Structure formats: C-alpha cells, structure tokens
2 protein chains.
Amino acid sequence: MTRSGADLALLLLGGFRALADAGSAELADRGYDKIRPIHDFALRSILAGADTTAELARELGISKQAVIKTVGFLEAEGYVAVEADERDGRRRLYSLTDRGQALLRTGEQVFNELRDRWAQRIGAEQVEAVGDALADLGIRAPTHLDAAGWFSGSSSP
Amino acid sequence: MTRSGADLALLLLGGFRALADAGSAELADRGYDKIRPIHDFALRSILAGADTTAELARELGISKQAVIKTVGFLEAEGYVAVEADERDGRRRLYSLTDRGQALLRTGEQVFNELRDRWAQRIGAEQVEAVGDALADLGIRAPTHLDAAGWFSGSSSP
DNA sequence: TCGATACGTCAACCAGGTTGTCGTAACATG
DNA sequence: CATGTTACGACAACCTGGTTGACGTATCGA
C-alpha cells in the first residue's frame, strides 16, 4: 500500500473542499451569495417535510437555536417563507419560496457539472469508483456537518 | 452517471469524517486527548523546519495569533518546547518534545490501521483507486483547513 | 382538569479563528 | 553610523457559528 492513511484522509477532505469551493464560487456567480452547505441541507430538509424548528434541529443534528439563526438567514435572503400553523399555535411552518427551490435546482446542476468535469479529466469510471468505494464502506452523507469541532473530542453528542 | 455531484461531495466529506472521527477517538484512547488535525499539521510543520510563529503562520495558512494560541496549547500539553533564539532576540524557537514525536508516530500508525481496515472490507485496490483518482485530479492535501467558513464565500484569502 | 411534554425564543456563553495595534529587534542604506 | 523600513511576537478586541439554560406558552393525555 503506497499511500499513508493520513494522506488518504487528507485527499478525501481535499476532494470535498475542491468541490465545495468550486460549487460555492459558481453559485455566487449565479447570484446565490453567502450560501453554505448547511443552508442547502436545511432547504432540502424543509422540502422533505421537516418544516418546523424542532424538526429541523433533529434532522440537521444541530440545536434549535442554531436552526433559528440559519432559517432566519434563509428567510431574510428570500429562500424560505414562514407562516403560522393554524392547528398548533406554537409552531411556525417553514416552506420554500420559488427562489429557494431555484437555489436547490441550481445547486444540483452546479455539482453535477463539477462531477462531469472530473469525469472528463480522469474518466467517468474512475469518478464512479470513488463514490462506489465510499458507498460500499457504508459512508453516509453527514447530515450533521458541524463545521466547528471536527476533531474536537466528541463527534456525535 | 448514477450518483449526483452533490452526493459525491458528501461521500468525500463523509469519508474524511469517518477517518478523522475514528482516528481522533483512537488517539484519545491511546492517551492523546483533545488533538485536532491542526495540531498534527503544526507538529509536522515544526518538524519540517517551520519553527517560528511567523513561519508556521505562513505554512499553515492561518494568522500569527492563531498560531500563538495553537502552539500555546501544544506547549501546555507537552508536545512542543519553546526556547529563545540566540541569534534573533525577537524569535522564539519551537521544537518537538519526545511526546510530540510520539504523537506524530502514533497518529501515522492509527491512520494506517484505519486505511487497512477499509482495505479489508472493500479490497486494497478499491481503496487505492480512491486515492489515485483524487491524486490524478490534482487534489492536494489542504494545508489550510479553516474549520470555520468552509463554504463561506472566499476560500483562500 | 391539570400535570407532563413539546415548541419557539431569548440571552448568555464558548471556541476558534481574524484584525489592528504596539513594542522591539534586525536589517539595509545613505 | 544613524536611521528609516521591515519583520517578529504578543495583546486586546472582535466576529462567526455554534451551544446551553431559562422561560412563556400551547398541546396532549390520563
């Protein structure tokens, strides 16, 4: 085995960072500014039905307070609409605006283009092999990308 | 192409996180507590000759102040020794203690074991293929793992 | 009906960075 | 040499993105 385990880990991180940075830049170019992955996660979860603060908190694995701040941003930027729940006076129901849905579509497209650009350079099979290997290892997309404290002792509280 | 680009990105992140979390836990088990990747980076850079604050800051891509805090932790934990520079009164020279060197060795070993465990599960060629693909794409280990603000607009200031 | 539970929010805090300022040491140059 | 320029290291203050704890209120269930 030629490559050290640490190098492998850093390559994985580097790969993600390359995609994330390029995707972020591309989204900004297309008018979606200041978007971080957590925003995409949140929008996706809302679309999938997690449309209250507590539910989003559970889904995203962050605190309710963090959800309030995040959704506050998304609302201010026009991606999310908030309305009262008729049936439960405590709840505030979140939903995606047209702009929010457009962001999700654009994001998907952008990342597919980036993946295709990789495929052009090293071959589609190679790119697929990377995803297959990780999927075979049971790696699941971390819903829970706690930016701070990656390596900081406890990983899942 | 079956897998979306976004999924691929998340798999890469998930792969890194899986290694990093397992490595962190394993290191903690072996008595190296509260260690984050940046600490390993810093130790490695010191060993490679970046033995002053300013030099480390350049090497790690973070501010001098952040270096001071980081090295302060490493010194307090006994991984790094600090002494005055005879020839330049401003400088403080960093060096690795025995414990610091032991941490680096242990870390390397731990991550190699994790890689081997992956290889047992999906085959060494598959694991190697992942590294090769990323390396072929010119992915470089990010020296510069700014935990905060991954996706936050500017990636490299 | 009334206690237990869940929701949403606020204020306070925390970690890990950055920026700006400063004193001081070294260096270059006229 | 004398001195302006540059580099180093440290401090304080601040920023960001999260957490925790307390609280008021609404709902539910026995």
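## The surface near DNA strand C

In this predicted model, the residues of the surface near DNA strand C comprise 10 charged, 6 polar and 4 nonpolar ones. DNA strand C is surrounded by 20 residues. The closest are A:Ala54 and A:Arg92 from chain A, and B:Ser63, B:Lys69 and B:Gly89 from chain B. Of the atoms of DNA strand C that come within 4 Å of the protein, 55% belong to sugar and phosphate.

Three helices each supply at least two residues of this surface: H3 and H4 of chain A, and H4 of chain B.

One contact goes to a phosphate: an N or O atom in the side chain of B:Ser63 is 2.5 Å from a phosphate oxygen of DNA strand C.

Other contacts go to bases. A polar side-chain atom of A:Lys64 lies 2.7 Å from a base nitrogen of DNA strand C.

## Helix H4 of chain A

Helix H4 of chain A runs over residues 64–76. Its 13 residues should span 18 Å at 1.5 Å a residue, and its end C-alpha atoms are 18 Å apart, which agrees. The buried residues in H4(A) are A:Val67, A:Thr70, A:Val71 and A:Leu74. Seen down the helix axis, these buried residues fall within an arc of 95°, so they line one face of H4(A).

The cover over the buried residues of H4(A) includes helices H2 (37–47) and H3 (53–60), and strands S1 (80–84) and S2 (92–96), of chain A. On the face turned away from the buried side, H4(A) carries the exposed residues A:Lys69 and A:Ala76. Just after the helix, A:Gly78 has a positive phi of about 85°.

## Helix H4 of chain B

In chain B, helix H4 covers residues 64–76 and has 13 residues. From first C-alpha to last, H4(B) reaches 18 Å, close to the 18 Å expected at 1.5 Å a residue. B:Val67, B:Thr70, B:Val71 and B:Leu74 are the buried residues of H4(B). They cover an arc of only 95° around the axis, which puts them on the same side of the helix.

Among the elements covering these buried residues are helices H2 (37–47) and H3 (53–60) and strands S1 (80–84) and S2 (92–96) of chain B. The face of H4(B) turned away from its buried side holds B:Lys69 and B:Ala76, which are exposed. B:Lys69 is also one of the closest residues to DNA strand C. Just after H4(B) comes B:Gly78, with a positive phi of about 85°.

Technical notes:
Residues are numbered from 1 along each chain as its sequence is written. Chains are lettered from A and ligands numbered from 1 in the order in which they are written. This is a predicted model: local features need pLDDT of at least 70, side-chain atom pairs count only at pLDDT 80 or more; totals for chains, interfaces and linings use all residues. Side-chain values use heavy atoms; hydrogens and water are left out. Helices (H or I, at least four residues) and strands (E, at least two) are DSSP runs, numbered from the N terminus. The expected span of a helix is 1.5 Å times one less than its number of residues. Buried means under 20% relative accessible area, exposed over 50%, partly exposed in between (1.4 Å probe, protein chains only). The arc is that of the directions from the helix axis to the C-beta atoms. Contact means heavy atoms within 4.5 Å. A residue is near a molecule or strand if one of its heavy atoms lies within 4 Å of it. A polar contact is a pair of N or O atoms within 3.5 Å; within protein, one must be able to donate a hydrogen and the other to accept it, and residues adjacent in sequence count only if both atoms are side-chain atoms. Ala, Val, Leu, Ile, Met, Phe, Trp, Tyr, Cys and Pro count as nonpolar, Asp, Glu, Lys and Arg as charged, and the others, Gly among them, as polar.
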